[in-house]
Amino acid sequence: MPQATADLFSSPCLQFKGSMVPLTTLELLYFEPDKFSEELREKVKQAPNLFHNLPIVVGLEKLAEAHSPLDFSLIQTLCEQEGIRLIGVRTDAPEQTSAAQTAGLAVFQPSRGTRNAEAETPVQEPAPSAATETGRDEAQPQRVANRVITTPVRSGQQVYAPGGDLIVLAPVSAGAEILADGNIHVYAPLRGRALAGVQGNASARIFCQSLEAELVSVAGQYKISEDLQGEHWKQAAQICLDGEKLTIKAM
Amino acid sequence: MERVTKLSKIIVITSGKGGVGKTTTSASIASGLSKLGHKTVVIDFDVGLRNLDLILNCERRVVYDFVNVINNEASLNQALIKDKYTENMSILPASQTRDKEALSKEGVERVLNELSETFEYIICDSPAGIEHGAMMALYYADEAVVVTNPEVSSVRDSDRILGILHSKSRRAEMGLDPVKEHLLLTRYNPERVQNGEMLSVQDVEEILAVPLLGVIPESKSVLTASNQGVPVIHDQQSDAGQAYADAVARLLGEDREHRFLDVQKKGFFQRVFGGKA
Ligand SMILES: Nc1ncnc2c1ncn2[C@@H]1O[C@H](COP(=O)(O)OP(=O)(O)O)[C@@H](O)[C@H]1O
Ligand SMILES: [Mg+2]
């Protein structure tokens, strides 16, 4: 028997749950307000729907002058002007942390994945397993948290494989979104959005039987449908990063 | 509350999009099942916008409605209306004066439980959208007929509804066997498909990946039937009526070939006099 409303009110109204929320990161190499605005506007113009009201985090791992505190209020305002919502800063530098907190922003710790990637040489070894790449906690045994989906992922649905690969054995519809910390495999048409390496794993790849996607992204580098039209459209394809550049190859 | 008898089947007629033919389909499928001897009730979940009773020509016999029964203001027997044309069939009309929030989850469950003691098939005519009324119509379903028109926006909305059936229905929430899904393509116009103005059966099947229950052609007979208050399935001269009869047979497990998919070659009289089938 479902709980009556009266019973409901006598129970707690909130609870905490651990969860992994995928967020787009804006990596800042240096900060120059006019140039920042201009480049941001350019990016937003390419995919207005993608950026509209998009919550983002500024990542400072690659910032040149890592220790002179940034004007986060200004960065926030500039983002807002482009319809983007800056919600936090990813850093472990104490100066930036206090500057971010003063601006009322949340502070995130850099994930091991991104720091490792930085420590490594830019040219990555041929794909180490997703588990070691994205291992988040040293105390955890290295178990690959792959996720297998056997039914269609429909418009409006979102499926995420934290810490591993996502394997989908059915179509991914337009309007659906699939995400993984590791690789994404779709053994059917990929018509929605697919984001691999969402925690920054630059060696993640996307494989699909028929590339008809609205968007593909690896470690934050993305291409939208328009840019995917061409020789690989509706063909079996793999998508991976070649340096900073997202490339599509036949499969 | 567990259902007492589990012999009855709850089938939701749903789509996401409005105006695609859900109510037309609900009336014809319910009539078709009862014509074949199955005791069937059809429920109008479109609270505030009822029109199932119009299509079934019983609007003047509505005294109590679904919401009255949920609120214990009337018994089921007082609210159920016997169909004019078919034995074995009853209608539970929607209220015109309430809003959709009046359909409480517990109330709907209680009514469905009570109906399943008497009826073999319970057909739920869903309102458009993915709001409360549509969620209530699909929540308890065992099977779903997803009504789709051969155009992109309708297909997209159907895809969304299929996702909801798969994740938010009672069967999904309780980890039972998934809701059995059927695709019903309605208002199909082979000529416009041929001209590239509409998606083909194959296009829609490929996008939605759901077994095809039937294809109902776009047909004047549907409007004629609804104006007369007779579900089109009773008009077995018409293409749409025959297509609905086929769909009902398939719902009952029969294997029938799909018809009315191709552009009709005009016969001699039609060519001469320009009449339409
Ligand atoms: N196969 C068809 N051919 C022609 N008109 C149709 C057909 N199916 C439905 N219609 C018309 O479309 C309109 C909407 O149908 P209805 O069943 O009320 O849709 P819904 O319940 O999905 O809103 C009605 O005017 C109906 O007569
Ligand atoms: Mg309707």
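**Chain A, chain B and the interface between them**

Of the 251 residues that make up chain A, 43% count as buried. The model is a predicted one, and everything below should be read with that in mind. In terms of secondary structure, chain A comes out with eight helices and 15 strands. Looking at contacts in chain A with a separation of 6 or more, 40% of them are between residues 24 or more positions apart.

A closer look at one residue of chain A starts with S37(A), which sits in helix α2, running over residues 33–46. S37(A) has a relative accessibility of 10%, and because the cut-off for buried is under 20%, this serine counts as buried. Once neighbours within four places in sequence are set aside, the residues in contact with S37(A) are L78(A), Q81(A) and E82(A).

Over in chain B, G16(B) belongs to the loop that links β1 (9–14) with α1 (22–35). This glycine is buried too, because its relative accessible area is 12%, and the limit is under 20%. Leaving out residues up to four places away in sequence, G16(B) touches A128(B), G129(B), D157(B) and I161(B). Take I161(B) from that set: 145 residues separate it from G16(B) in sequence, yet the two C-alpha atoms are 6.0 Å apart in space.

Helix α5 of chain B, covering residues 105–116, passes a simple length check. As for burial, the buried residues of α5(B) are G107(B), V108(B), E109(B), V111(B), L112(B), N113(B), L115(B) and S116(B).

That leaves the place where the chains meet. Here 14 residues of chain A are in contact with 16 residues of chain B. About 1200 Å² of area is buried between the two chains, and carbon and sulfur atoms give 45% of it. One salt bridge pairs the side chain of R156(B) with that of E214(A), at 3.7 Å from N to O. Sorted by class, the side of chain A that touches chain B is made up of four nonpolar, seven polar and three charged residues.

Key. Residues numbered from 1 in each chain as written. Chains lettered and ligands numbered in written order. Predicted model: local features only at pLDDT ≥ 70, side-chain atom pairs only at ≥ 80, totals over all residues. Heavy atoms only, no water. Helix = DSSP H or I, 4+ residues; strand = E, 2+ residues; numbered from the N terminus. Buried < 20%, exposed > 50% of the residue type's maximum accessible area, 1.4 Å probe, protein only. Contact = heavy atoms within 4.5 Å. Expected span 1.5 Å × (residues − 1). Buried area = accessible area lost by both parts, 1.4 Å probe. Salt bridge = Lys/Arg side-chain N within 4 Å of Asp/Glu carboxyl O. Nonpolar A, V, L, I, M, F, W, Y, C, P; charged D, E, K, R; others polar.
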